[in-house]
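Here's a quick briefing on one core and a couple of helix pairs. Have the coordinates open and follow along.

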Amino acid sequence: MEASSVRTSDFTEGSTSVRELKCEQIQSVVEDVLRSTQFIDIHTHLFSPAFGKIGLWGIDELLTYHYLEAEFFRSSEIMPEAYWKLSKRERAEAIWKALFIESNPISEATRGIVAVLSAFGLPTDELGLKEARQFFETQPIEAHIRKVFQLAGVSSVVMTNDPLDPEERPVWINGGQQHPQFHAVLRLDRILWGWPNHWQQVASQGYAVDERASGKSVVEVRRFLADWHKRMQPLYVAVSLTDAFQFPDDSVTSKFLTEAVLPSCRELGLPMSLMIGVRRQVNPALRLAGDAVGRADLRAVEHLCRTFPENRFLVSVLSRENQHELCVYARKFSNLMPFGCWWFLNNPSIVEEITRERIELLGTSFIPQHSDARVLEQIIYKWRNTRLTLAPILTKTYYLLHNDGKVITRQGIQKDVNRLFRTNFEKWTGLHAG
Ligand code: RAT
Ligand code: ZN
């Protein structure tokens with residue numbers, strides 16, 4: 001990389017003295033800033049200890065992650081029907097054998113297991129599973145969480161909290177959770193697209209709703225949201241939507257979004273997160289691993305951002321083909337915050353492509369990544385990989401800027417990394433720094 005100059009000098013900015021970086025210093029400073037900055041993980045499926053056994057952690061949970069189950073069926077003779085009859089331990093053993101002993105774990109999800117084991121100094125060879133079980137069984141959960149967060153370089157994580165989940169609901173009803181490193185999110189899939197199968201649950205909580213979402217249903221859903229807002233103190237409201245999502249149309253989803261959820265978000269000051277592009281259960285035999293992806297019509301996002309300028313939207317799209325449009329829409333609507341490289345996109349080659357494009361079109365006004373972790377220790381490898389992928393992208397960005405004639409400083413790089421991985425989210429949600 002040619003730099004236009006190799007000037008280096010100290011100067012003052014406000015009252016602080018800053019040092020201009022030489023071109024050849026940029027890479028190591030970028031790496032150091034990424035390493036030392038604590039990120040906020042804005043979307044996970046993790047739970048604080050208050051939720052008991054629904055908070056997943058340890059080697060058997062790591063091995064039976066649905067990303068690995070999908071890969072397992074490609075490398076094993078065991079058919080899904082037989083697999084689901086096995087116990088969790090037996091499933092983990094089958095996956096360990098097929099993906100780690102009989103094959104080299106070179107895929108993104110399998111490499112993640114290797115990285116987690118080695119982060120704890122555990123063997124990654126044949127003995128790995130046995131030793132890992134012994135190790136994880138003896139970890140006290142609170143101290144283990146602290147260690148995992150420290151290894152992952154995250155200060156806090158955002159959960160996914162469904163008020164209609166029968167396992168979660170009792171925890172919230174009995175006082176909820178106060179863990180400072182776990183933030184709540186009000187997830188509304190069962191209401192926004194699963195209404196025909198779930199309205200009775202809302203009714204059984206004392207709200208006058210009906211199957212057709214008619215009569216007092218809208219007003220009552222707003223009352224439901226206000227009550228759950230009080231209980232959970234969520235940072236935002238969220239829903240995952242299929243590639244067929246349209247807005248506006250004559251569905252219950254459109255009706256509830258327009259008349260209940262978005263007005264409540266405005267009143268309560270909450271952003272709305274839309275994760276768009278899943279094709280649910282293309283292979284139901286694989287259960288959670290049976291979902292796929294489809295290209296969505298992002299005119300729905302255009303309509304939402306234009307029609308509701310006072311709502312803030314956090315948007316992640318699953319299809320690679322939708323990424324460019326999402327960036328263009330973000331240039332049109334300042335109430336749209338693109339975030340994350342989700343699920344099938346969370347691979348270095350695709351993260352690189354998407355992140356470069358976002359920087360080129362949006363500067364630092366987006367949130368590059370979330371982990372989507374379902375098992376606690378996954379945040380270690382997911383954030384490690386994000387930092388590894390981001391370092392050359394940011395380095396190249398500052399090389400180019402340096403060549404254009406701008407003075408590059410550590411402080412400037414730190415400000416950008418803070419904005420990408422912390423303050424965009426803090427400002428959007430009102431989360432206080434810390
Ligand atoms: O990435 C995943 O684990 C998916 O199964 C989904 O949970 C997705 O992240 C979602 O939040 O709907
Ligand atoms: Zn998720």
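The largest nonpolar core in this predicted model takes in 146 residues, and M272 and I379 have the most contacts inside it. Helix α17 (residues 378–404) is the top contributor, putting in 10 residues. A nonpolar core here is a set of buried Ala, Val, Leu, Ile, Met, Phe, Trp, Tyr and Cys residues joined through side-chain atoms within 4.5 Å. Helices are DSSP runs (H or I, at least four residues), numbered from the N terminus.

- Past its neighbours within four places in sequence, I379 touches D41, L46, V148, F149, A152, V154, V157, S371 and A373; contact means heavy atoms within 4.5 Å.
- Y381 sits in helix α17.
- Y381 counts as buried because its relative accessibility is 5%, where buried means under 20% relative accessible area, with a 1.4 Å probe and protein chains only.
- Y381 and G112 lie 269 residues apart in sequence, yet their C-alpha atoms are 5.3 Å apart.
- Leaving out neighbours within four places in sequence, Y381 has contacts with Y65, E108, A109, G112, A115 and V116.

**α16 against α17**

- Helix α16 (residues 348–362) and α17 cross at roughly 30 degrees, and their axes come within 10 Å. Axes are lines fitted to C-alpha atoms over the stretch in contact, with angles running from 0 to 180 degrees between N-to-C directions.
- That makes α16 and α17 roughly parallel, since angles under 35 degrees count that way.
- On the α16 side you'll find P348, V351, E352, T355, R356 and I359, meeting T389, L390, I393, L394, K396 and T397 in α17.
- The residues of this contact split into six nonpolar, three polar and three charged. Ala, Val, Leu, Ile, Met, Phe, Trp, Tyr, Cys and Pro count as nonpolar, Asp, Glu, Lys and Arg as charged, and the others, Gly among them, as polar.

**α3 against α6**

- Helix α3 (residues 66–75) packs on helix α6 (residues 108–119) at about 120 degrees, with the axes 9 Å apart.
- Y67, L68 and E71 from α3 meet A109, T110 and I113 from α6.
- Sorted by type, the residues of the α3 and α6 contact come out as four nonpolar, one polar and one charged.

- Residues are numbered from 1 along each chain as its sequence is written, and chains are lettered from A and ligands numbered from 1 in the order written.
- The model is predicted, with local features needing pLDDT of at least 70, side-chain atom pairs counting only at pLDDT 80 or more, and totals for chains, interfaces and linings using all residues, while side-chain values use heavy atoms, leaving out hydrogens and water.

Note on methods:
Buried means under 20% relative accessible area, exposed over 50%, partly exposed in between (1.4 Å probe, protein chains only). Helices (H or I, at least four residues) and strands (E, at least two) are DSSP runs, numbered from the N terminus. Angles under 35 degrees count as roughly parallel, over 145 as roughly antiparallel, 65 to 115 as roughly perpendicular and the rest as oblique.
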